[in-house]
Amino acid sequence: MRIALADDSALFRDGLTALLTSAGLEVVLDARTGEELLTRLPQAPPPDVVILDIRMPPTFTDEGLAAAVAIRERSPEVGVLVLSTYAETAYAARLLEAATGGIGYLLKDRVDDVATLLGALHRINLGETVVDPDIIRRLLAHRRRASVLDHLTQRQSQILEQMAQGRSNAGIAKHLQLGIKTVERHIASVLTALGINADSDDNRRVLAVLTWLRSTDSVVPTPPAPGPPMTGE
Amino acid sequence: MTTRPGHWREAGACPDPAWLDECSQVQPLTRRILPTIEGRDFRALGRVRPCRAVTEADVAERQHLDRAAVDKVERTDWFSCGAACNIARSGSDGSRCRWGQGDYRPSHRVKFFGRLPEVGVVCQTWLWGFALLPSPPVPRDTADVRSRRMATGWGGVGFVMLATATLVLATEPQLALAPAHAVAGILVGVGFATTAALLFNQDHQRGNARLFGLLTVVWLCGRLASHPVGALTWAAFLVSNQTEVVVAAALLRYPADRLQRSSKVFIVSSAIAAGVLQASTVLTSTPAELGLPDTTWPHLLQDRGWGPVTTEVRSVWLSAAAVVFLALLLRRWLRMAPLERRTLTPIVSTATFAGLATTPVFLNAVLSPQRQQTIYLIRSYAAVAVAAAFVVSAVQLALSRAALVTLVNRLQVPSSPGNIQSALREALLDRDLEVLFALPDGSGWVDDRGCSRGLPPPAANRMPILTQNAEGKPLALVVVDNRLDRYRTLLDAAVNLSRFALENARLEAGLRAQLLAVRQARARLLSASLEQRRQLERDLHDGAQQRLLAIGLRLAAVGASVEDDPATSAAIGLLRKELHVALDELRDLARGLYPAVLTQAGLGPALEAVIERLPVPIQLDIPPQRWHPDVESAAYLVACEGLTNAVHHAGDCTVRIDARQDSSGLRIRIADDGRGSDSLDQRGTLRSLSDRVTALGGDLTVTSSPNEGTVVEAVLPCE
């Protein structure tokens, strides 16, 4: 897999290049800013996935998001992984709204876990979506949706979490070591419980789940989920 | 006169001499108003009056000034009585008018009322004489006394002139024969003479007073033409039609002290044309044709039959001149300052009427003698109206001084800077009048709201008047319409009456400025501290955090290469765990210093990140709008503090956070339905927050009572 990366910290760039190279990936391009990456991209061998820091010069705000959108507009087949020092739900949502499929948003700390990093890169390369587990865990733990989430079984909760992180049905089945049919059945019941229309597109499903988790409407028109409640207050 | 490109310049204690120079170049009046500041000889200049701390003498002086203002009003009462007398007399004239019957012989009724007009004239003369008597002088300095004495002297001259005119014209032979015409003649003469006398006493009006003196003389010449006094009759007739020209000049000039260019051209050409036409009339017509007494007359071209032709030419010319005159008058009226317009409106309206009345006189020369008599009479009384209008205008000017009484009353109440400005605007009818207060420490000028201002740019149409205190330091600068310079006494009185109020208001303006400065300093401090926090967060993010992340990556690479050595691998695993803890702590620290997402994505996302980490249900309703960073930080901190308060004190509850933009700024409200409390202790935790909000000019309120929940609300102004 060919990787291009942009980060304003030379130390971090070098470290990441070394790690990726040792893991057998090819780093075809590393740039200091998103703009530099965009200008140099046509000359380099086409990368499969681009890794971007969200905060880069010149304004150190959300250049990474802008660069991600620009890259996807130019070559939609290239996957984009945006790294952030702080895992902010708002950014994840903005990224998911801006582009569909083959995108990821991860906390920067994750990258030193080779397995996680490679897993995320592979999933992005396959066109899946990756959302940092921290964000999903925080959203699920928050009590805004307690009344509905409390009625999910433990298995359903696990599956919702995996779904929100962007895994496909097959990915969830593999991760939780379940049969794909079982997973599909659970997903259908979870989506019904949350009142989300089932969508064949995985990425749109992620966005829908994320939006549901973020929304603050207290009224949820959903029937109680099947099965006895597993977690009490 | 040109207006230079305006610019505001910061000034020290005294206006910059260069600025004064520039002012005087642009506006010649300024030289008189703003003399050398260093010279300190302000008293003699009569414009820049020193102001001391209030003493008993000052109070006495102020009372004196008030009395003078009231006295002016009383004098206008004398004028009014005189005017009433005039009207009564006109009424008695009406009773004697028997024109149109072709019989001008006095009846017994006329004999009985015959002396009434004379009595009226004498009464009116005396009443106006009372009004003209100098008021008890309020001498402030020698220059003042001298000017007063001079004014009184000229006033006396005017009085004598008036008496003479009355005496001469009261013996008019036509009085019994054609009373209406004769009385009109007397009234016009008296009106002009009165105006001349009135104007001697006013600012910048000596030239106009001379003009009215000339007018009276020319008018008397015209009347003289109806007396059989030998060669004088035709000489007087030669001059008599200059009356219209001089009246036109007066109308186009008064109360200014010079004519506009176009008006001057019109007047000069009219005077020449009138002279030539009148001369040709004398040469081509006989006295009988002109309705004059049969007396010595130059008989030259009378037998050639040119008389009607010259009369025709004269009438056409007069009509054309009347139209041009009305146009010039209208243009002038439209360009007047409000105060001027108020004074001149009666004159302009009656002059327009008179002008219109004059036009058909000569065009309809072919009418029957009776109609001609009617038209002549209308014309005569139109002239009376013009003369009366001048008198009314002079009285009105005196009445406008009564505005000072209102000003005094308005200044009695505790006066704020804005109050004084609006009081002066009202008294002087100048909507753009501006008062700039000198700061007590001489560091510059502030306007009525306490905002720092530079000196106004020298402009052709604005005139600055400087008031100073006893130490010779500038007190305030009153910037007025320069057309008000014609009412200099009024202007001086207004500024002087305001002096004490200005002194107080200046202190208040100074305090306001200080308060503003303190508030701005607090806001700057707050802004600086926030900027420091942001910088610190950036430094942490770009330095330590990136470095630790890079170490993590290196460790991971090393860990991957020593997978076959379990002991080393385990040690590296432990190190990585420690590193993650360090990174988490560092992240929390940086987030606490300043949440980067607040700068990057705004208030909504930043608060979303906060509430995701809290264990209570929270509803968030924040528009995706962006505000000034300082406002956003303050709102964020208010919300965080409100949330902390809810989590710690409110117990089991739900919280709602709303933010909205309204006219007063960003309004953020954090409301919970928890236990609530009325203890001050709980509010004490919000005090530092209150300081932060007020530093931005905002307002923080906390309402809480047991079992009713707590509401924290902040309003943050956004400029």
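**Close-up 1. Residues that join helices α8 and α9 of chain A in the predicted model.** From α8(A), the residues A:R155, A:Q158, A:I159, A:Q162 and A:M163 take part. Their partners in α9(A) are A:I172, A:H175 and A:L176. By class, the residues of this contact comprise 4 nonpolar, 3 polar and 1 charged.

**Close-up 2. Crossing of helices α8 and α9 in chain A.** Helix α8 covers residues 154-164 of chain A, and helix α9 covers residues 169-176 of chain A. Their axes come within 10 Å and cross at roughly 130 degrees. Because of this angle, α8(A) is oblique to α9(A). The crossing of the two helices, α8(A) and α9(A), is right-handed.

**Close-up 3. Interface of chain B with chain A.** The contact involves 39 residues of chain B and 36 residues of chain A. The size of an interface is often given as the accessible area lost when the parts come together. Chain B and chain A bury about 3300 Å² between them, and carbon and sulfur atoms account for 53% of that area. On the chain B side, the residues that lose the most area to chain A are B:L553, B:Q600 and B:E612. Together these residues make up 22% of what chain B buries.

**Close-up 4. Salt bridge between B:E612 and A:R138.** The side chains of B:E612 and A:R138 meet with an N to O distance of 2.9 Å. Across the interface of chain B and chain A, 5 salt bridges are found. B:E612 is also among the chain B residues that lose the most area to chain A.

Methods
Residues numbered from 1 in each chain as written. Chains lettered and ligands numbered in written order. Predicted model: local features only at pLDDT ≥ 70, side-chain atom pairs only at ≥ 80, totals over all residues. Heavy atoms only, no water. Axes fitted to C-alpha atoms, helices over the stretch in contact; angles between N-to-C directions. Helix = DSSP H or I, 4+ residues; strand = E, 2+ residues; numbered from the N terminus. Parallel < 35°, antiparallel > 145°, perpendicular 65-115°, else oblique. Left-handed = near helix turned anticlockwise from the far one by under 90°. Contact = heavy atoms within 4.5 Å. Nonpolar A, V, L, I, M, F, W, Y, C, P; charged D, E, K, R; others polar. Buried area = accessible area lost by both parts, 1.4 Å probe. Salt bridge = Lys/Arg side-chain N within 4 Å of Asp/Glu carboxyl O.
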